[in-house]
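Please read it with the coordinates open beside you.

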Amino acid sequence: MMKTCKLCWGANVLLIGVVAFAAYTLILGKPAEMAEDGRTSIKMTAAEKDFVLGEMRGFLETVQAITADAAENNLEGVAETALAAGMGSTGGEPVTLIAKLPLEFKSLGMSTHQAFDDLAATATDTGDMDAVLGSLSDLMLNCTSCHASYRFDTDESGS
Ligand code: HEC
């Protein structure tokens, strides 16, 4: 006869609880507070802020390169540059940072990477530079609306 392992049940329930909580905080992020300038302040360590701002400068470089290609009517260049900032470029973010980002922020960030993939597809499929510039303008509404809503602040307590 098998003995019921009460301790195992307890450990399992505890484990499920811990995993569920970790998933919950990772997906939802921390509740953020309002800064004096009216934007939502996302608190992180100085190193995390350096990391995410570095990604941002990468976004700006991408947008610059796309407009340069567009000015030369180089659709292939546009597609190549846009793809490099697409969904394929995500995944390097530290988990500790992801857990600090509000859900809405994360989805806006992801949809921006997706929009670069869509831009590449527009360049390749339509061959129409006006359509490409229209998509780029739409994509950049993600940049401007996120910047209007959020700011990063450091919180050296770390969590
Ligand atoms: C999901 C939100 C979000 C999206 C989307 C986003 N940004 Fe940002 N970005 C931020 C935040 C927050 C900051 C910090 C602003 C602050 O603290 O004042 C920032 C900062 C920056 C900076 C300053 C970097 C530095 O070194 O200080 C640049 C440049 C930038 N973003 C470019 C872009 C561009 C270009 C896009 C679109 C292709 C973009 N961002 C999309 C949230 C976003």
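This is a predicted model: local features need pLDDT of at least 70, side-chain atom pairs count only at pLDDT 80 or more; totals for chains, interfaces and linings use all residues.

1. Residues are numbered from 1 along each chain as its sequence is written, and side-chain values use heavy atoms, with hydrogens and water left out.

2. On α2 itself: helix α2 covers residues 46–71, where helices (H or I, at least four residues) and strands (E, at least two) are DSSP runs numbered from the N terminus. The helix has 26 residues and reaches 37 Å from its first C-alpha to its last, close to the 38 Å expected at 1.5 Å a residue, the expected span being 1.5 Å times one less than the number of residues.

3. On the buried face of α2: Glu48, Val52, Phe59, Thr62, Val63, Ile66, Asp69 and Ala70 are buried (buried means under 20% relative accessible area, exposed over 50%, and partly exposed in between, with a 1.4 Å probe and protein chains only). These buried residues pack against β2 (40–44), α3 (75–84), α4 (95–98), α5, α6 (129–149) and β3 (150–154), with contact meaning heavy atoms within 4.5 Å.

4. On α2 with α5: the axes of α2 and α5 (residues 103–126) come within 13 Å and cross at roughly 20 degrees, which makes α2 roughly parallel to α5. Axes here are lines fitted to C-alpha atoms, for helices over the stretch in contact, and angles run from 0 to 180 degrees between N-to-C directions; angles under 35 degrees count as roughly parallel, over 145 as roughly antiparallel, 65 to 115 as roughly perpendicular and the rest as oblique. Phe59, Thr62, Val63 and Ile66 of α2 make the contact with Thr112, His113, Phe116 and Leu119 of α5, and by class these residues are 5 nonpolar, 3 polar and no charged (Ala, Val, Leu, Ile, Met, Phe, Trp, Tyr, Cys and Pro count as nonpolar, Asp, Glu, Lys and Arg as charged, and the others, Gly among them, as polar).

5. On α2 with α6: the two axes come within 11 Å and cross at roughly 160 degrees, and α2 and α6 are therefore roughly antiparallel to each other. On the α2 side the contact involves Met56, Val63, Ile66, Thr67, Asp69 and Ala70, and on the α6 side Met129, Leu133, Leu136, Met140 and His147; the residues divide into 8 nonpolar, 2 polar and 1 charged.

6. On α5 with α6: these helices pack at an angle of about 170 degrees with their axes 9 Å apart, and are therefore roughly antiparallel to each other. Residues that meet here include Phe105, Leu108 and Phe116 in α5 and Val132, Leu136 and Leu139 in α6, and the contact as a whole has 11 nonpolar, 7 polar and no charged residues.

7. On the loops: Asn73, in the loop between α2 and α3, has a positive phi of about 55 degrees although it is not a glycine, and at 56% relative accessibility Asn73 counts as exposed. Gly88 is found in the loop between α3 and α4 and, at 77% relative accessibility, also counts as exposed.
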